[in-house]
Amino acid sequence: MRPLQLSTYLLVLYGFLLLGEAYYSSSTVYLAFALFTLLLAYFVGRKNRTAVKVALIYAGITLFVSILSLMYGKLGMALDAVISFFIVHDILSYIEMVYKEEKEN
């Protein structure tokens with residue numbers, strides 16, 4: 001699989017999940033985060049370095065909040081935790097690959 005392809009797909013999936021939540025709860029905050037996530041997915045797919053860094057931070061914060069919510073007893077946050085974990089893993093693998101290529105040159 002190409003680098004960052006999994007992250008792009010998972011960010012799009014997460015964006016659509018947030019769009020569904022925005023529609024269900026009529027919340028503009030969820031809508032803003034959904035649009036931010038979809039925009040982030042677009043730029044991560046284009047391998048923009050700033051977008052990759054922002055996506056890593058965003059997924060890390062989401063993973064942390066999801067794990068805290070799971071400890072609190074909200075089992076619905078398990079999907080968010082899994083999605084965020086795989087996004088972080090894919091981005092860190094990409095960063096490791098880029099670092100090795102730059103070190104060789």
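1. Phe85 lies in helix α4, a helix being a DSSP run of H or I with at least four residues, numbered from the N terminus. This is a predicted model, in which local features need pLDDT of at least 70 and side-chain atom pairs count only at pLDDT 80 or more, whereas totals for chains, interfaces and linings use all residues. Residues are numbered from 1 along each chain as its sequence is written, and side-chain values use heavy atoms, with hydrogens and water left out. Phe85 counts as partly exposed because its relative accessible area is 46% (buried means under 20%, exposed over 50%, and partly exposed in between, with a 1.4 Å probe and protein chains only). From Phe85 to Ala41 there are 44 residues in sequence, and their C-alpha atoms are 16 Å apart in space.

2. Ser26 is found in the loop that joins α1 to α2, and this serine counts as exposed because its relative accessibility is 65%. Between the C-alpha atoms of Ser26 and Ile95 the separation is 37 Å, for two residues that stand 69 residues apart along the chain.

3. Over the whole structure, a search finds 2 salt bridges, each a side-chain nitrogen of Lys or Arg within 4 Å of a carboxyl oxygen of Asp or Glu. In one of them the side chains of Arg49 and Glu102 meet, at 2.6 Å from N to O. This pair links distant parts of the chain, for Arg49 is in helix α3 and Glu102 in helix α4, 53 residues apart. Arg49 counts as exposed because its relative accessibility is 51%, whereas Glu102 is partly exposed because its relative accessible area is 47%.

4. Glu96 also forms a salt bridge, with Lys100, and here the closest N and O atoms are 3.6 Å apart. Both of these residues lie in helix α4, 4 residues apart, which is about one turn of the helix. Glu96 is partly exposed because its relative accessibility is 45%, and Lys100 is likewise partly exposed because its value is 48%.

5. The largest pocket holds about 470 Å³ of space. On a 1 Å grid over the protein atoms alone, a pocket is an open set of points with protein on both sides within 12 Å along at least five of seven lines, a cavity is a set where a 1.4 Å probe fits but cannot get out, and lining residues have an atom within 4 Å of a point; points are joined across faces, edges and corners, and a volume is the space filled by probe spheres set on them. There are 16 lining residues in the largest pocket, and the closest to its centre are Tyr14, Leu18, Tyr30, Met77 and Asp80. Two or more lining residues come from each of α1 (5-25), α2 (28-45), α3 and α4 (78-104), and α3 gives the most, with 5 residues. By class, this lining has 11 nonpolar, 3 polar and 2 charged residues (Ala, Val, Leu, Ile, Met, Phe, Trp, Tyr, Cys and Pro count as nonpolar, Asp, Glu, Lys and Arg as charged, and the others, Gly among them, as polar).

6. The second largest pocket has about 160 Å³ of volume, and its lining consists of Lys47, Arg49, Val52, Lys53, Tyr94, Ile95, Val98 and Tyr99. The elements giving two or more residues to this lining are α3 and α4, with α4 giving the most, namely 4 residues. The lining of the second largest pocket has 5 nonpolar, no polar and 3 charged residues.

7. The structure also holds 1 cavity of 30 Å³ or more, and the largest cavity has a volume of about 40 Å³. Leu11, Tyr14, Tyr58, Ala59, Thr62, Ile83, Ser84 and Ile87 line the largest cavity, with at least two residues supplied by each of α1, α3 and α4. This lining divides into 6 nonpolar, 2 polar and no charged residues.
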